[in-house]
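Please keep the model open in your viewer and follow the stops below in order, making each selection before reading what is there.

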4 protein chains.
Amino acid sequence: MVNYEFGAGIWMFQQFIDRYATDAYGPAVSTLEAIERAAEVGDIKVLDINYPFAGDDVTVEQVRETLKRTGLRAQAITPHLYMREYQLGSFTNPDPNVRRKATDLGKKAIEIAQQLDAKYVKFWPGQDGFDYPFQADYRRLWEHSVEGVRTVAESAPEMQFAIEYKAKEPRVHMFFGSAARTLLAIEDMGVDNVGIVFDLGHSFFAKETPAEALQMVARRGKLVSVELNDNWREWDDDMAVGSVHLIETLEFLQALRQINWQGPLLLDQFPFREDAVQAARASISTIRALEGVLDRLDLNALTAAQDRQDALAAQQIVLTTLLGAGIAKDER
Amino acid sequence: MVNYEFGAGIWMFQQFIDRYATDAYGPAVSTLEAIERAAEVGDIKVLDINYPFAGDDVTVEQVRETLKRTGLRAQAITPHLYMREYQLGSFTNPDPNVRRKATDLGKKAIEIAQQLDAKYVKFWPGQDGFDYPFQADYRRLWEHSVEGVRTVAESAPEMQFAIEYKAKEPRVHMFFGSAARTLLAIEDMGVDNVGIVFDLGHSFFAKETPAEALQMVARRGKLVSVELNDNWREWDDDMAVGSVHLIETLEFLQALRQINWQGPLLLDQFPFREDAVQAARASISTIRALEGVLDRLDLNALTAAQDRQDALAAQQIVLTTLLGAGIAKDER
Amino acid sequence: MVNYEFGAGIWMFQQFIDRYATDAYGPAVSTLEAIERAAEVGDIKVLDINYPFAGDDVTVEQVRETLKRTGLRAQAITPHLYMREYQLGSFTNPDPNVRRKATDLGKKAIEIAQQLDAKYVKFWPGQDGFDYPFQADYRRLWEHSVEGVRTVAESAPEMQFAIEYKAKEPRVHMFFGSAARTLLAIEDMGVDNVGIVFDLGHSFFAKETPAEALQMVARRGKLVSVELNDNWREWDDDMAVGSVHLIETLEFLQALRQINWQGPLLLDQFPFREDAVQAARASISTIRALEGVLDRLDLNALTAAQDRQDALAAQQIVLTTLLGAGIAKDER
Amino acid sequence: MVNYEFGAGIWMFQQFIDRYATDAYGPAVSTLEAIERAAEVGDIKVLDINYPFAGDDVTVEQVRETLKRTGLRAQAITPHLYMREYQLGSFTNPDPNVRRKATDLGKKAIEIAQQLDAKYVKFWPGQDGFDYPFQADYRRLWEHSVEGVRTVAESAPEMQFAIEYKAKEPRVHMFFGSAARTLLAIEDMGVDNVGIVFDLGHSFFAKETPAEALQMVARRGKLVSVELNDNWREWDDDMAVGSVHLIETLEFLQALRQINWQGPLLLDQFPFREDAVQAARASISTIRALEGVLDRLDLNALTAAQDRQDALAAQQIVLTTLLGAGIAKDER
């Protein structure tokens, strides 16, 4: 069993709101309280932390102390590039002043990352894209996206950056929408400190084959971080890991082994109607159970089946191992 | 040209928020201010109004006066059945106390509707459904959905009620998800004062053929109201009418003529990044232009084409009329 | 464990072709040879048989003898209502002569069903629907669909009929597209010998919740038969059972227990690139393994979780049982 | 108006079959007859021709003569890499002998292209990919795909090659599935004579924004050819141009102007139930009408609206021009 370290996006332990339940699904939670909650999970060791922090006058010092006290570490800093002022885009905003604000916030996030010893700064430009046909000049979207990330990345060559792609939401069409598109945009940046956060749920949502797309990103040396969750493949539902796509999640974990992933696995969930601590434990528990399945998998037999693209044999090996004694090999 | 009266859901003129831009896309707007904004559009004459009202201590009397002063009327009252306390469902909430609150709020909405002389009370139980496999007892979901609506409907036999179906959001899977399912549930209610609000965007989103589904609802005598908007068919994007699915919107308007719809057309938009008044005018302008196209449509020729299911001939008639001289008939 | 009898659509053992591999995925297979192949599976006991039969001059008598010799039975007769002459529809064809041919073929299927002692005649009118906006008069589609099935059903009141719904393919939009729509159409038929074949894959493809839709059909007394397979939810891929949607397939099998289904489970697969006998065995093996999981499921605990819509608890119960010791209860 | 030359995939004028109407939608049509039919359209000047040819003993010489006589030209040669023997893949087939056959057929296509003076050889490896989770070693799929195309391309450095991507069908998941993925694979090939055939319908189907993806391909200098059609975005329905996505088709034609596309526009339709000649004329007629709309479009105003991402203004400009006097500018 790969003994992964676990982490989470800190938002998982904060307040959720949406466009209908405008009184929110629960009370407000400050960044400091969210760290405490994350620590309650037990297995969560690292966090992706949004900046600016939530709560009145929360300081970097307070965050550092709370992390230290709870035994957690900052893995990433994610600047809030998708709030009201960025509603028409951050890096691609038609207003150059807003674009500058976005890169300034990106640079501020570098400072915070340095102060908290985080491994990377994450860009998730959720408002960058378009809503309507004919609304945008697509070439300019591309140029501004490339230029914005490059500007921040060039300002701190020793810092690692990572883009988390998603097909849509909140922007109806997001610019960094798939693994392949993001790889092409990173090429155009011409810097070597920008990579990808591979979010399993976003890959499902983009109708990718996650295990395949992960390997494509890794092969090009651009895999910076891995986030896990699940959804119904038609929206970014941010559900507990393995709750819908169990077999593909297993295949994704197998791909992580194939690329020899050594970093932590971060959870990216929005447990609107569930207890966040329990929701995190559920995902970790499922991941470990699936790792156990992988440990028992007959890799030689699986490789042999894949060598001849024998779908039924490959499926039998996987399902037999997954479902245990239920499927006897000799039945087939 | 059918001289439709226009209306809108009042939310279109209020504040938008989502799970990312938690500082909202603009400032708070009270129900009274929203009525004023709606009146600015010029062509908006009726409103679907949420209850409880937005804003501190806004009273029914104030709403009535504002409507009167601006020359608008209340078309419908839609109770907020999807706020925090209903996050696990309103009519289908596992807690009987919450279910009772939901029906009580439904009954309160009747009073408000009577006081504002609204034509119907609308139910949009956006939290009723489920998120995860195995989470819900589906039979109970069905029973509670039927029972909840029936309870409110039976309490005021002279009032008209209408259910607005949607496939999902905020609940990951919503119970009243399609026209056909909702018709079946209404049958089970055994009352005759519950019908359907047909939302064009929700029909696109449910992967229905809107013109077809509309006729199905009308044929069973259950069409209470019509709302229009557009989306990319994979989410309820609540965009301006005709902006994506122009031809199907035209076909939908033609279906409204076929069933001889005389009521108003309500807009259901969420112009997150646009001016709401302009967004309403855009939709009305497009609807009128499409009505002009329908006026010029050679119905005899279209019927003849449909009589033999001649797709190319039907398309030519429609596109020739839509695109004008661009497509000469003799070319084909 | 429910000791289901297994069956299959006979097409599973025949020749596959598609619009690209026009030289077919393998050699032609007659109805008689297909029965032999089905018998090879071992666990297949009943067949849904297409009429007209495949192969030169194959007679009912030959089919009966081959069934008898191999120990198989005819469960259903499915007339070929979707061949070249029905390309614009069978029951809804614009040409009344073709509509009559369709009902005549339906009646002929009754005879064959009687001669082979089949339990029901299945309608799968794959060409009935439309391709283009504005192509069809939807009301007429509805009337002809209802009338066509009723005509055949009324001609043999003692025979059971069943409609298998599917969203599309080969027609771009099929008329009987979802469980709910089909229930409404059956109501309009006004006969009591027409029900539904619930095909798990078609339910996935229609974006239904299969366990929920199954119960809806059963509750209205319209469930005639059950077919199983899997797909990627965006097309009717007709893959082996449980290969993609393992958890929802488990939930579906649980729903079959809840409605106390006693009939056989039929496989509906198109193993284009696999050995059909092996593909059938794979599905049966998976179904049995999942039945074993259901046997071990703590139903009291699951019901208690569903009583409070506790998604995480319900998931834990299911995943713990499914994945075995991998998920220890006390971890949560 | 851009005076595009028109062309078509020759398959549009041949016989259609699918997995249900196994007696085909019409009689067999040889390559020679298909050329004659294409010529009947009047505006079709170039053809993408499949090799091997359809019909008994049809020779290159006969094809050349028929083209000459009818005034048509060969634009492309597309080898049949997706017939029975390639059912597990052509370039990615697990059997090295089949992979060699595939590259040999690719090389044979070069000869034919040279003999017919075609502009490029098109690869559409419809069977390359996978059906089931765990069936394939994705890295090997990538390597074989890259290697197969490269092998053929390197054998004829003076010939142009082009890959037509599609998300799926006939293989359940196709390897060259999107514009971005195909660009990455072409990079890996390390040759400069391989580009992309941009098929509008495949772009819709891949849930891309076609106007955006087209520009991305063109910007990288990889656009070789353009094919047009329409679909419902959930399958490759190969319908007449503009029949469903009229506005996005308009935007796509505008993008062709922006990149200054001078080549022909090829139709890629499967008019299963329509007359092929009429179906081609319908598409050409619609394209010309949309070109007329583009001629009338106020580009300065549109650019200004896009400069501020003003969705409503951009939409108004487009819809006003499209729908003519129906939308008066002063209304807004």
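Helices, meaning H or I runs of at least four residues, and strands, meaning E runs of at least two, are taken from DSSP and numbered from the N terminus. The model you are looking at is a predicted one.

If you display contacts between residues at least 6 apart in sequence in chain A, 74% of them join residues at least 24 apart.

Next, select helix α8 (residues 246–258) and helix α11 (residues 311–323) of chain A, whose axes come within 12 Å and cross at roughly 105 degrees. Because angles of 65 to 115 degrees count as roughly perpendicular, that is the description that applies to α8(A) and α11(A). Show the side chains of A:Leu246, A:Ile247 and A:Leu250 on α8(A), together with A:Val318, A:Leu319 and A:Leu322 on α11(A), which make the contact; by class, the contact has six nonpolar, no polar and no charged residues.

Two kinds of backbone exception come next, since most peptide bonds are trans and most residues other than glycine have a negative phi. In chain A, go to the loop between β6 (160–164) and β7 (173–174), where A:Pro170 lies; the peptide bond from A:Glu169 to A:Pro170 is cis, with omega near 5 degrees.

Staying in chain A, move to A:Lys207 in the loop between α6 (200–205) and α7 (210–219). A:Lys207 is not a glycine, yet its phi is positive, at about 60 degrees, and with 31% relative accessibility it counts as partly exposed.

In chain D, select D:Asp238, in the loop between β9 (223–228) and α8 (246–258).

Finish at C:Gln309, in the loop between α10 (299–307) and α11 (311–323) of chain C, which counts as buried at 6% relative accessibility. Leaving aside neighbours within four places in sequence, C:Gln309 is in contact with residues of chain B, including B:Leu88, B:Thr92, B:Gln135 and B:Arg171.

Technical notes
Residues are numbered from 1 along each chain as its sequence is written. Chains are lettered from A and ligands numbered from 1 in the order in which they are written. This is a predicted model: local features need pLDDT of at least 70, side-chain atom pairs count only at pLDDT 80 or more; totals for chains, interfaces and linings use all residues. Side-chain values use heavy atoms; hydrogens and water are left out. Axes are lines fitted to C-alpha atoms, for helices over the stretch in contact, and angles run from 0 to 180 degrees between N-to-C directions. Angles under 35 degrees count as roughly parallel, over 145 as roughly antiparallel, 65 to 115 as roughly perpendicular and the rest as oblique. Contact means heavy atoms within 4.5 Å. Ala, Val, Leu, Ile, Met, Phe, Trp, Tyr, Cys and Pro count as nonpolar, Asp, Glu, Lys and Arg as charged, and the others, Gly among them, as polar. Buried means under 20% relative accessible area, exposed over 50%, partly exposed in between (1.4 Å probe, protein chains only).
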